[in-house]
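Please examine the sequence and the model shown below. The paragraphs that follow lead through selected parts of the structure.

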Amino acid sequence: MDYIQGSLAAELTLDLAPREMQKRWSEWLHVSLIKTVFINNLNAYQALRNIAPIFLQVIYSMPTLWPAHSDLARVPLPGILNLPTHQFAYFSLIDCTYAMVSGLPQQVEYDTTIHSPLPSSSRYQITHGFPNELLLMLADINACRDMSPHARRWEHIEHQLLTWQSRNGEYAFAESWMTVAWYAVQESWRLALLIYLYLVGLYSWRF
């Protein structure tokens, strides 16, 4: 893993065309994320801090991600979820979930405003069982917890979580138990976020 990461880093020192440079940075990001997941003694927080600038560099090289008149200081998370490559969505998932479990702020401030329909299916979703809409809500809860000036109202997030449902027939599985397990995982995520939101609410009311 270190060898691959080192090889990509060496290529990044070359005089590459902008598109090729973007591709190499994306590959480096992908390898770094895999390393974060599979190496047990790696400091996850420090790894995210190291990866975040590269993530932002690559994302800001795609100006079409930002809809007209949107806040350029925040990264459009729905746009990331619509990208054909999944490593950027994967980074956002790790960033948001680590912020949830650690109590630390996210490395990136996200704009969760939906300007176009989210993809109904993706390799990212099937791999992690984390629906796109719930990832947006997780980013919103973290922003609410950290008292971001852009945070959405607690009640609005609660309403979304209470009314959200899995899409029927989103994926076709070979066995019926796989379908049941798929919906169970999604429902578990929804309930976990609802509990997290209530904990954030209790903390806010207390202080």
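**Cysteines, a helix pair and a loop**

The structure holds 0 disulfides, a disulfide being a pair of cysteine sulfur atoms within 2.5 Å. This is a predicted model, in which local features need pLDDT of at least 70 and side-chain atom pairs count only at pLDDT 80 or more, while totals for chains, interfaces and linings use all residues. Residues are numbered from 1 along each chain as its sequence is written, and side-chain values use heavy atoms, with hydrogens and water left out.

Cys96 has a relative accessible area of 0% and is therefore buried (under 20% relative accessible area; exposed is over 50% and partly exposed in between, with a 1.4 Å probe and protein chains only). Cys144, at 13%, is buried as well.

Two packed helices are described by the angle between their axes and the distance between the axes. Helix H3 (residues 44-59) and helix H5 (residues 87-102) pack at about 140 degrees, and their axes lie 11 Å apart. H3 is therefore oblique to H5, since angles under 35 degrees count as roughly parallel, over 145 as roughly antiparallel, 65 to 115 as roughly perpendicular and the rest as oblique. Residues of H3 including Leu48, Ile51 and Phe55 meet residues of H5, among them Phe88, Phe91 and Tyr98; contact means heavy atoms within 4.5 Å. The residues of this contact comprise 12 nonpolar, 1 polar and 1 charged.

Ser148 belongs to the loop between helix H7 (132-145) and helix H8 (154-163). Its relative accessibility is 18%, so Ser148 counts as buried. Apart from neighbours within four places in sequence, Ser148 contacts Glu109 and Ala143.

Key. Axes are lines fitted to C-alpha atoms, for helices over the stretch in contact, and angles run from 0 to 180 degrees between N-to-C directions. Helices (H or I, at least four residues) and strands (E, at least two) are DSSP runs, numbered from the N terminus. Ala, Val, Leu, Ile, Met, Phe, Trp, Tyr, Cys and Pro count as nonpolar, Asp, Glu, Lys and Arg as charged, and the others, Gly among them, as polar.
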